[in-house]
Amino acid sequence: MPRWGMVIDLDRCTACQACTVACRAENNIPFAGPREAAMGRAIFWNELIVRLEGEHPYPEIRYLPRPCMHCDNSPCSKVCPVNATSRDDEGIVGQIPSRCIGCRMCMCTCPYTARSFNWLEAEWPSPMEKQHNPDVAVREKGVVEKCLFCIHRIRRVKETAREEGREIRDEDVIKLTACCQTCPAGARVFGDLDDSESTVSKMARNRRAFSLLEELGTHPKVIYLRERT
Amino acid sequence: MAGPETQIEQPIAFDHVRHVTYLSEGEHRREKIDMHKEILGEDEASEEVLQGQCLECHDDLTDEAPDCAGCHILFQDAALRARKDVRACVACHRSTWTGYSAGIPSVTVCRSCHADEPRTDSEQEAHLREYIDRSEDIPWVRITEMDPHVHTSHKAHIRYAGYACTQCHNGLDQQVDTPLDLHVTTMEACIECHEENNVSDGCLTCHK
Amino acid sequence: MSQIERDNRNNNEISRRTMLQFMGAAGAWFLFGCEQHAEPRRVQLIPAGWNRGEERWVPTTCLQCPGGCGINVRVYEGRAVKIEGNPDHPLNLGGLCPKGQAGLQALYDPDRIPGPMKKIGGRSSSTWEAISWEEALATVADRLSQLRAAGMSESLLLLAGHLPGHMKAMFERLAQTYGTPNLVSAESLNNSVGRLSRFLAQGVSDLPGYDLDNTHYLMFFGAGYLEAWQPLGYTLRTHGRSLRGRPEKRTKIVVVDPHLGVGASKADEWIPIRPGTYAALALSMAYVIIDEDLYNHDFVANHTFGFDDWEEPGGQTAQHEGFRTMVTREYRPEVAEEITGVAAADIRRLAREYAKARPGLSVAGRGPELHTNGLFTQMAIRSLNALVGSIDVPGGEIVQQSVPSRQWSDVNLDDSARKGLAQPSLVSPALRKEGWPSGDHGTLLDAVISGQPYATEAAFVYNSNPLFAGPDTARYREALDRIPFVVSFSSFMDETTARADLVLPDSTFLERLEDDFALPSTGYPILNLRQPVMDKLYDTRHTGDVLIELAGRVGGSVAGSFPWRNYEQALKESLAAVAAAGTGSFTGRSAGDFWTKLKAHGFWSGGDYPFGDMKRVLKTPSGKFEFASLGFKEHIETEAKRTGIPVDALLDRLGIQARGDLALMPHYESPRFAGESEQFPLHLQTYKTMMYAEGRGGNQPWLQESFGVMFSERWRPWAEINPETAEHLGIHDLDLVWVQSDRGRLKLPAKLHPGIRPDVVNVPLGYGHTEHGRWAKGIAGNPHDIISLLVDPLTGAQAIHGTRVRVYRAVAPGETPPKLKGSARASLGNGH
C-alpha cells in the first residue's frame with residue numbers, strides 16, 4: 001500500500017506559480033475577483049507563499065509553494081464533527097464537500113493555512129462552466145476545500161495499472177498531480193514515500209531536505225529541498 | 001423535489017427491449033453476415049466474418065469512421081465479447097466498458113445503425129432521424145440520478161467486478177417506452193454492497 | 001492501518017455508520033438538498049462525433065505568449081477541460097507556465113466577440129451591430145477595391161502583432177499584391193534596437209537564441225529573466241536544469257538591473273546598476289578581460305574584425321582605432337564605478353568569472369534597449385560574447401535555423417501594385433535599407449497623424465493592441481482616429497478594436513489551424529502546429545481564411561496570387577517541402593503522411609544544430625563579428641553624401657554623442673531622460689510579470705488573481721519604491737501615491753521593496769485597461785499613459801525607461817491616507 005508524498009525542490013523553483021494555476025484549472029477552483037481577493041478570500045489549494053527579507057541592496061526573497069501537507073498526524077481530521085475530512089489508508093487526507101457543514105474547525109487547527117472556505121457562490125459566467133473537470137466535484141458555497149493530491153488522478157493510474165495487469169510504477173506517479181506535472185522547472189515530484197527506491201523517497205533523503213513546522217508533530221508528507229547548496 | 005414517484009418523459013420513446021433483442025438474439029449477427037455475403041458475392045461467410053474479427057480485413061478501422069467502427073473497435077476486445085450479460089448494453093453504452101460515465105449514447109451512436117434507410121415506420125424512428133439529420137444530440141433526461149459530487153466508475157463495476165448492468169439498473173432492459181421511473185441512487189445502497197463484498201469503503205473512493 | 005489512523009477513527013465523534021443511520025432515517029433526498037433535484041436533470045448535450053465519457057488529447061501550441069511551447073489539450077465530450085505541456089516538445093518538455101494553464105480562460109472568455117460586427121454611430125460610439133460574414137467581407141472588399149481603383153493602394157496600413165508562422169507570409173503577400181509598402185509588425189517595431197545591434201555586429205537581424213541547456217554562466221543585463229524573457233517556457237525549464245539538472249555543473253546567474261525581479265531574486269547575484277549605464281559596466285568588464293588576457297584569442301583572431309586597430313579596407317592608409325585600444329583607454333573599472341555605481345572590485349570579479357566560465361553568456365534583454373543610448377548599449381553587452389568566443393558554440397549564442405518550408409509561387413504584380421509599392425513606407429522613410437529593421441512607432445505615428453507623405457485611408461489590425469500596449473497610447477489613438485476605415489481581427493473587444501469600424505473576429509488559438517515557428521532558442525528549427533481542439537464556440541473565422549477570401553473578392557492579380565481554397569491548403573503546400581526534406585523528429589512517406597504525423601505530434605523539429613558554421617552566422621561585410629561596424633560606417637557615409645550633411649552633423653542629428661571611430665564601436669553614451677531631475681528626481685521603469693500575457697491576460701481571472709508574486713498582490717498594479725526613499729517621502733507600505741511625469745500621473749498603491757534602487761520607481765505592465773472585458777476594465781494604472789515621448793533618433797525607438805517622475809502621497813499631509821484593505825492578509829490567501 002503506497003504512502004503518498006511530495007518533494008518540492010526550492011532551488012529549481014522559479015516562482016512562476018504554474019503549480020497554483022494548474023491546480024485551479026484541474027480542480028474547478030472558482031476565482032474570487034478583486035474585492036473578495038482583497039479580503040483574503042481567494043481560494044488557492046496550492047499557494048505560493050512569499051517572504052521579503054533583508055535590506056537594499058541585499059534583499060532575500062523566499063518562495064514556498066504550499067499544497068496541503070497530508071499530514072500523517074493530521075490535526076484537521078481529528079476535529080471534524082461530521083467526518084467530512086479523514087485520512088485514508090494511503091495517507092491522503094480527504095475532504096468531502098457534501099458532508100461539510102462549514103464550521104471551519106479544520107481551518108482553525110491546520111497550522112499550514114492549507115484550507116480554504118467557499119465564502120461565495122462560485123461564479124462561472126457562461127461559457128466558463130465548460131472547462132469543468134468532470135473528475136472533480138464543483139463545490140458550493142459554505143464548504144471547506146483543499147488540496148487532495150489529485151486523488152482523481154491516482155484513481156486513474158490505479159485503473160490503468162489494473163487494466164494492464166501490473167503494479168503502479170514510480171514513473172506513473174512521479175508527475176501525477178497537476179502541480180508536479182506542470183512545473184516547468186521540474187521542481188516537484190510525487191510518489192510513494194514507503195518505496196525506498198521511488199524518486200520521492202530518494203529526494204526526501206537529500207541533505208537539503210526539510211519539512212515545515214516539524215516540531216508540531218504533524219508529520220507532513222510534503223518535503224522541501226532548501227535552495228542552493 | 002424529485003422522489004421515486006417522479007415520472008420522466010424522454011424526447012424519444014426509446015424501446016430498450018427491441019434494441020436489446022436485436023443485438024442479443026442474433027438478429028444483428030444474421031443481418032450483417034448476410035450483408036457481407038451479398039457484398040462479397042459469396043455463398044458462405046468467411047471465418048473472420050463469423051467470428052467478428054473485423055480487423056483481419058478492415059485494417060483502417062478507426063474512430064474516425066463512426067458507423068460500424070464505433071462499436072466494433074470496442075468489440076475486438078475478447079473479454080467484452082465473452083460477456084453475454086452486458087455486451088448488448090455496452091454496444092450502445094460504450095463508456096461503461098471503457099470509462100467512468102454512464103455512456104448515455106450520443107446521436108453518433110444512433111447514427112451507426114440508423115443513418116441509412118428507415119428500419120421501421122414508427123414515429124419515434126422518424127423523430128430520431130430528424131436529430132441525426134441535424135447532427136444534433138438528443139436531449140435525454142437522466143433517470144438514474146446520483147449526486148454530482150460522487151464518482152462512480154462503470155468500468156470498475158462491469159469490467160473488473162464482473163457485474164451485469166441490471167444488477168443496479170434493475171429492469172431497465174425490460175423498459176419498452178416512457179414514462180420511466182426516476183431512480184435516485186443513495187449512498188446507503190453503494191456502501192451496503194461495498195461492505196458486503198469487502199471492497200474499498202474509503203471516502204475518496206467515491207467522493208470527488 | 002497505523003496507530004495514528006486507528007486513533008483518528010476512534011476519536012471521531014460520529015462514526016461513519018452512525019452518520020449513515022442518521023441520514024437513512026432522514027431520507028435519501030437529504031443528501032442532495034432540495035434545490036438540486038427540483039426536476040430531473042438533462043444529460044449534457046455533446047457535439048456530433050463525440051461519445052459520452054469519451055476523451056481525447058489534442059496536441060497543439062500555446063499562444064498565451066509567443067514562446068511557442070507545445071501543449072496537449074484534454075477534450076472531454078467535445079469541450080476542452082485542461083491544458084498540459086507536451087512532454088515531447090523540446091522547449092518545455094512537458095512543463096507549462098501559468099499563462100499556458102490559464103489558456104482555457106481565453107477560449108471561454110465570456111466577453112469574446114461572437115461574430116462579425118460593425119460599429120454604429122461613429123468612432124467613439126460603443127454600439128455594435130452583428131452582421132453576417134457576407135456583409136462583413138463584402139464591405140471590406142469593396143473598400144479595398146475602391147482604394148485600389150483610385151490609385152491609392154499605398155494608403156492601406158497593415159498593423160500586426162506577432163504573426164504566427166505563415167501568417168507573416170500571408171500578410172506580406174497581401175501587401176505586395178495589393179500594393180502597399182505599409183506592413184508593420186510588432187516583431188520589427190518592438191525589438192528594433194535589439195535586432196539592429198545584432199545586425200551591425202553580426203549581419204544577422206534575427207534576435208539571438210541561447211543554448212541554455214549547456215551554458216555555465218548567465219549574465220543578464222535587464223531581460224526580466226524568469227518572468228518575461230523569451231522563450232519563457234524554455235527558460236523556466238533550463239533554469240531548473242542549470243541549477244540542479246547537471247550533477248557536475250551548476251550555472252552561475254547574475255542579473256544586472258536597477259530592479260530585483262523574480263529572476264534576480266533567484267540569481268546568485270543582483271547588481272543594482274544605475275539606470276541606462278549598462279554599457280559602461282559591460283565595457284569595463286571587457287577592459288578586465290582584455291587587460292588580464294582572458295579573452296578567447298582563437299575566436300578574436302579568426303572571427304572578429306576591429307578588435308585591433310585597423311586600416312581602411314581597400315588598402316587606403318587611414319588608420320582606425322580598434323576595440324582594444326578604445327576600451328583600454330576609456331573603461332577602467334574605477335571609471336565605470338563612477339558611472340554605474342557598481343564597485344570596481346565587483347566589476348573585476350564578475351569579468352573574471354564570466355571569462356573563465358567557458359561557455360558563458362552575456363544577455364542583452366529588455367531594459368538596456370529602452371534608453372536613448374540603447375543601440376550602443378546592446379552592442380556593448382553583445383561584444384562580451386564575442387570576446388570570450390560564446391558565438392555558435394554549445395552553451396553560447398546561436399542563430400535559429402528556419403523551418404525548411406517552401407515559398408509559395410512568385411506573386412504577380414500589376415501596375416497598381418507596382419505603383420503603390422514604389423511609394424515611401426510610412427515607417428521609415430529616412431532609413432530604408434535592406435536588413436535594417438522596418439522602422440519605428442514614432443515615424444509611423446507622425447506620418448499617419450500628419451497625413452504626410454500621404455493619408456492613410458484604411459487599416460487592418462491583427463493581433464495587436466497599441467491603444468493599450470503603446471508605446472504612446474494617446475498618439476496611437478489619435479492616429480487611428482485619422483484613418484477613416486479600421487478593421488480589427490481580434491477575438492476580444494480590446495481598446496484598439498473598440499475604436500475600429502468593423503470586427504472580423506479570429507478564432508482563438510485553441511480553435512485555429514495554423515503553423516508557428518519557435519522563437520530563437522534551440523538553434524535547430526521547430527515547426528509548431530496549432531489545430532482546433534474542439535468545434536468553434538462562435539461564428540469566428542481564421543484570419544488566414546479571411547485574407548484569402550478578401551483577396552479573391554478584390555480580384556485581378558491579387559486574387560491570382562491567393563489561389564488556395566483556404567489557409568489549410570496554403571499551409572500544406574508550403575509544408576510539403578518539410579516533408580520532402582526527409583529529416584527531423586519524424587519524416588513522412590508523402591506530404592499527406594507528413595501532415596497526418598504533424599497533427600499527431602503537434603510539432604516537428606529539425607536535426608542537431610550545426611555549431612561553428614561561421615559563414616552562416618556572421619554575415620557582415622567583413623564576414624566576421626565586427627567590433628567596429630563597417631555596415632554602420634557605410635550607412636552614415638552614404639547618408640552624408642545623399643543629404644549633403646557632414647558626418648559629424650549627421651551624427652549629431654541622430655542623437656549620437658560619439659564621433660569618429662568611437663561611433664562605430666560599442667560605447668557608453670549618457671542616456672537622456674525626459675523631465676527635469678530636480679522636479680522629477682526618480683526614474684520610472686516598467687516590467688512585464690509572468691502573468692502579463694501580452695496584455696491579454698487582463699480578462700483571465702486566474703492570471704489576475706495571482707498577478708504579483710513577489711508582493712502577493714492580486715488584481716491590481718503597484719509602484720515599487722525603495723524603503724529609504726519611501727521614508728524620505730513619508731510613504732508607508734500600501735499608501736496610495738501619485739506617480740507623476742511631465743505627461744501625466746497615475747495613482748497606485750506603493751510597495752516598499754528592498755529590491756529596487758533608491759532612485760528608481762518600478763510599475764508592472766498589464767493594468768489600466770479601459771476595454772477588454774468585464775474583469776480587465778476599470779482597474780487603473782497603465783504606465784504607458786505617463787511615459788514620456790523620448791525617442792532615440794537613430795532607431796526611432798521610444799525610450800520607455802527614459803521617463804523621470806516624482807512620487808508623492810495621494811492625500812494631503814495631516815490626513816490619514818486611505819489604506820487599501822486586506823493586501824497584507826491577502827498574502828495568506830484563504831480567509832484567515
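In this predicted model, chain B and chain A bury about 1,700 Å² between them, with 56% of that area on carbon and sulfur atoms. Chain B brings 14 residues to the contact and chain A brings 22 residues.

Two salt bridges cross the interface of chain B and chain A. Glu163(A) pairs with Lys155(B) in a salt bridge, and their closest N and O atoms are 2.4 Å apart. Between chain B and chain A there are also nine residue pairs in polar contact, counting pairs with both residues at pLDDT 80 or more. On the side of chain B that touches chain A, the elements giving two or more residues are helix H10 (154-160) and helix H12 (203-206) of chain B. H12(B) gives the most, with four residues. By class, this side of chain B has six nonpolar, five polar and three charged residues.

Over all chains, the salt bridges number 85. One of them joins Asp194(A) to Arg3(A), with the closest N and O atoms 2.9 Å apart. Asp194(A) sits in the loop between strand S6 (188-192) and helix H8 (199-204) of chain A, and Arg3(A) in the segment before strand S1 (4-9), so the pair ties together parts 191 residues apart in sequence. Arg3(A) is partly exposed, at 26% relative accessible area.

In chain C, Glu353(C) forms a salt bridge with Lys252(C) at 3.0 Å between the closest N and O atoms. This pair links helix H15 (residues 344-356) to strand S10 (residues 252-256), the two residues being 101 residues apart. Glu353(C) is partly exposed at 23%, and Lys252(C) is partly exposed at 21%. Glu514(C) and Arg512(C) also meet in a salt bridge (3.0 Å, N to O); Glu514(C) is buried at 0% and Arg512(C) is buried at 8%.

Note on methods: Residues are numbered from 1 along each chain as its sequence is written. Chains are lettered from A and ligands numbered from 1 in the order in which they are written. This is a predicted model: local features need pLDDT of at least 70, side-chain atom pairs count only at pLDDT 80 or more; totals for chains, interfaces and linings use all residues. Side-chain values use heavy atoms; hydrogens and water are left out. Contact means heavy atoms within 4.5 Å. Buried area is the accessible area (1.4 Å probe) that two parts lose on being put together, summed over both. A salt bridge is a side-chain nitrogen of Lys or Arg within 4 Å of a carboxyl oxygen of Asp or Glu. A polar contact is a pair of N or O atoms within 3.5 Å; within protein, one must be able to donate a hydrogen and the other to accept it, and residues adjacent in sequence count only if both atoms are side-chain atoms. Ala, Val, Leu, Ile, Met, Phe, Trp, Tyr, Cys and Pro count as nonpolar, Asp, Glu, Lys and Arg as charged, and the others, Gly among them, as polar. Buried means under 20% relative accessible area, exposed over 50%, partly exposed in between (1.4 Å probe, protein chains only).
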